[in-house]
Amino acid sequence: MDSRELLSMGDVSKRSGYAASALRFYESEGLISATRTPGGRRQFERNVLRRLAFIRAASNIGLTLDEVREELDRLPAGRVPNRADWQRITRHWRGRLDDQIAALERLRDGLDSCIGCGCLSLQRCQMTNSGDWMATTDAAPGAANLPALLRRPHQFR
Ligand code: FES
């Protein structure tokens with residue numbers, strides 16, 4: 001098998017776990033590309049599977065579609081990205097992943113304490129967020145005591 005081998009939409013959907021509608025959407029968003037058969041059917045190079053795996057991983061740790069596109073745009077167009085290309089993305093991503101890990105640790109270690117959401121339902125809230133003063137901070141709305149990374153609005157996936 002060769003990374004430039006052409007796969008049908010059905011092959012890519014089956015192997016990547018993405019529905020055909022998602023593949024069409026990602027193509028329309030410029031995140032993946034396909035050629036067409038004489039009959040107009042999409043054909044993808046096998047290396048599209050790595051891009052799709054990257055999109056899924058990035059989305060699962062909270063990258064927005066624009067951030068995913070920004071990362072994938074670092075890959076060379078017109079040739080199969082090699083290890084060095086992916087390393088470039090990894091280096092750029094490392095800081096972001098470290099922030100993510102720190103935020104998740106804060107969430108893991110802080111969820112049994114007051115997160116500053118305004119509920120005032122825990123005894124600790126009376127000390128940490130009495131009268132819900134955090135509602136007036138720049139970190140509101142939402143759980144003002146959680147890292148910004150965990151307070152971002154949800155994105156379409
Ligand atoms: S946990 Fe909600 S205000 Fe403290």
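First, the ground rules. The model is predicted, so local features need pLDDT of at least 70 and side-chain atom pairs count only at pLDDT 80 or more, while totals for chains, interfaces and linings use all residues. Residues are numbered from 1 along each chain as its sequence is written, and side-chain values use heavy atoms, with hydrogens and water left out.

Let me start with the sheet. Helices (H or I, at least four residues) and strands (E, at least two) are DSSP runs, numbered from the N terminus. Two strands pair if DSSP finds at least two bridges between them. Here there is an open sheet of three strands in the order β1-β3-β2, and the pairing is antiparallel. β2 is joined to β3, residues 42–45, by two bridges. In one of the pairs, Thr35 has Gln43 of β3 as its bridge partner.

Next, helix α1, residues 9–16. α1 lies across β1 and β3 and runs at about 85° to β1. That angle is taken between N-to-C directions, on a scale from 0 to 180 degrees, with axes as lines fitted to C-alpha atoms, for helices over the stretch in contact. Contact means heavy atoms within 4.5 Å.

Which residues of α1 are buried? They are Met9, Val12 and Ser16. Buried means under 20% relative accessible area, exposed over 50%, and partly exposed in between, with a 1.4 Å probe and protein chains only. These residues cover an arc of only 70° around the axis, so they sit on the same side of α1. The arc is that of the directions from the helix axis to the C-beta atoms. Lys14 and Arg15 are exposed, on the face turned away from the buried side of α1. The cover over the buried residues of α1 includes β1, α2, β3 and α3. Just after the helix, Gly17 takes a positive phi of about 85°.

α2 can be described in a similar way. Its buried residues are Leu23, Tyr26 and Glu27. They cover an arc of only 100° around the axis, which puts them on the same side of α2. Their cover includes α1, β2, β3, α3 and α4. Gly30 follows α2, and its phi is positive, near 80°.

Now the core. A nonpolar core is a set of buried Ala, Val, Leu, Ile, Met, Phe, Trp, Tyr and Cys residues joined through side-chain atoms within 4.5 Å. The largest one has 23 residues, and those touching the most other members are Val12, Tyr26, Ile32, Leu52, Phe54, Ile55 and Leu72. At least two residues each come from α1, α2 (20–28), α3 (48–60), α4 (65–72) and α5 (83–110). α3 gives the largest share, six residues. Leaving aside residues up to four places away in sequence, Leu52 touches Val12, Ser16, Tyr18, Leu23, Tyr26 and Ile32.

Last, some details further along the chain. Cys114 is buried, at 7% relative accessible area, whereas Cys117 is partly exposed, at 40%. Zero disulfides, meaning pairs of cysteine sulfur atoms within 2.5 Å, are found in the whole structure.

Most residues other than glycine have a negative phi. Leu120, in the loop between α5 and α6 (123–128), has a positive phi of about 50°. Leu120 is partly exposed, at 29% relative accessibility. Asp132, in the segment after α6, also has a positive phi, near 55°.
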